[in-house]
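Here is a short briefing on a protein structure. Keep the sequence and the 3D view open as you read.

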Amino acid sequence: MPDTETTLDLPGFVDVHVHFRDPGAPAAETTESGLAAAARGGFAAVVTMPNTTPAIDSPESVRSHVRAAGGGSPLLLTSACITRGRLGREVADLEAMAEAGAAFFTDDGSWVADAKVLEEAMRRAYDLGLVVCQHALAPGLSEADCIRRDLSVCRATGCRYHVQHISTAEGVELVRGAQAEGLPVTAEATPHHVLLCRDDIVGDDGNYKMAPPLAGGEDRAEVRKAVKDGVLMFATDHAPHPAASKNCGYEAAANGIVGLETAIPITYRAMVEEEGMPVDAWADAWCRKPLDILPPRLLPVSFGRTRLAIGRARKVDVSAFASLSRNCPYNGMEFDCWPIA
Ligand SMILES: [Zn+2]
């Protein structure tokens with residue numbers, strides 16, 4: 001690529017999967033630092049996950065997050081738990097949390113294993129017109145096992161269902177089939193699952209550890225193909241952790257990597273430069289498709305736009321991140337497409 005810069009002005013990019021450790025672990029990320037990372041990364045809106053400490057599982061906690069958001073830029077929305085305490089036993093007060101401004105429901109970090117509990121939640125979410133998102137991972141079950149079970153509940157209830165951070169060829173196949181069947185099903189791919197596969201893990205580095213883990217090369221190829229075909233949207237799963245919980249070897253490391261400040265360069269590299277995806281279609285996976293799972297009433301008529309500079313290579317420098325955390329394997333990697341703050 002020539003070393004000349006072109007700029008692109010696009011509708012605001014939206015990240016429907018970020019973890020700000022607020023409340024619970026403000027040294028890893030606060031709402032303020034997370035929003036600064038989102039702005040630096042080129043995002044106009046983000047949706048936080050409810051697996052904070054304590055979890056966002058009540059209308060009061062949803063309300064306090066919505067208040068913290070303050071309607072600034074980037075726009076901050078919050079999701080709320082499916083079950084009380086994310087324990088998978090008792091459906092939370094979905095109606096009151098929707099009223100308080102929850103964008104959708106998820107127990108992210110845990111899969112709702114009890115089909116009866118999920119079915120009750122999906123019946124109630126259906127009545128509210130809100131999406132239920134699942135972290136499709138559980139001990140002893142594959143991603144596809146979890147998705148297959150969830151699809152049967154989706155079929156029974158008609159509720160909209162979204163698969164978070166999909167990573168396997170088999171999982172992608174199920175989502176494709178469900179969409180072809182006409183079920184109200186969406187799914188997201190993360191930047192790390194389109195850029196990397198398990199063969200890319202270098203040494204014993206905890207910065208390559210996340211849930212779901214990096215999969216095989218064939219899985220990555222299917223995830224890329226599904227993004228290209230318009231089956232998947234993007235989301236970062238931005239997961240800040242202090243250095244001590246990541247720089248301790250792969251086995252001992254906490255799950256998750258930060259993603260907001262590298263998501264655009266990485267997905268542009270993987271999808272536009274390597275897969276030949278048209279820029280507009282790639283941008284859709286960040287700006288238009290994520291809006292499909294958000295309630296229009298929570299979105300202002302217009303929010304920020306995303307501007308990109310393409311064609312001048314620049315290296316990732318984690319020391320310059322606005323995020324309070326640095327945990328990712330990208331430091332020093334060079335990319336050609338960067339957001340203009
Ligand atoms: Zn998750």
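Predicted model: local features only at pLDDT ≥ 70, side-chain atom pairs only at ≥ 80, totals over all residues.

A zinc ion is held by three named residues, D108, H135 and H165. The largest nonpolar core has 74 residues. A search of the whole structure finds 2 cavities of 30 Å³ or more.

**Zinc site**

- D108 coordinates the zinc ion through OD, H135 through ND1 and H165 through NE2.
- Along the sequence, the donors follow the spacing D-x26-H-x29-H.
- D108 and H165 link distant parts of the chain, 57 residues apart.
- D108 sits in the loop between β5 (105-106) and α4 (115-128).
- H165 sits in the loop between β7 (161-163) and α6 (169-181).
- Both D108 and H165 are buried.

**Nonpolar cores**

- In soluble globular proteins, nonpolar side chains tend to be buried together.
- Within the largest core, of 74 residues, the most contacts belong to F13, V46, F105, L232, F234 and W282.
- Leaving out residues up to four places away in sequence, F13 touches a list that includes G42, F43, A44, A45, I264 and W282.
- F13 also touches A283, W286, C287, T306 and L308.
- A second, separate core has 17 residues, among them C133, A235, I293 and L298.

**Helix α1**

- Helix α1 spans residues 31-40, and its buried residues are T31, S33, G34, L35, A37 and A38.
- The cover over these buried residues includes strands β3 (43-48) and β4 (75-78).
- Just after α1 comes G42, with a positive phi of about 95°.
- G42 is also one of the residues that F13 touches.

**Cavities**

- Rolling a probe the size of a water molecule over the atoms shows where empty space is left.
- The largest cavity has a volume of about 50 Å³.
- F20, D22, T31, T48, M49, T52, H65 and L76 line the largest cavity.
- That lining has 3 nonpolar, 4 polar and 1 charged residues.
- T31, part of this lining, is also among the buried residues of α1.
- The second largest cavity has a volume of about 40 Å³.
- Its lining is S167, H193, L196, C197, A215, G216, D219, R220 and V223.
- By class, the lining of the second largest cavity holds 4 nonpolar, 3 polar and 2 charged residues.
- Helix α8 (residues 217-228) gives the largest share of that lining, 3 residues.

Methods:
Residues numbered from 1 in each chain as written. Heavy atoms only, no water. 1 Å grid on protein atoms, 1.4 Å probe; cavity = no way out; pocket = protein on both sides within 12 Å on 5 of 7 lines; lining within 4 Å. Points joined across faces, edges and corners; volume = space filled by probe spheres on them. Nonpolar A, V, L, I, M, F, W, Y, C, P; charged D, E, K, R; others polar. Helix = DSSP H or I, 4+ residues; strand = E, 2+ residues; numbered from the N terminus. Donors = N, O, S within 2.8 Å, 3.2 Å for Na, K, Ca; no water. Buried < 20%, exposed > 50% of the residue type's maximum accessible area, 1.4 Å probe, protein only. Core = buried A, V, L, I, M, F, W, Y, C linked by side-chain atoms within 4.5 Å. Contact = heavy atoms within 4.5 Å.
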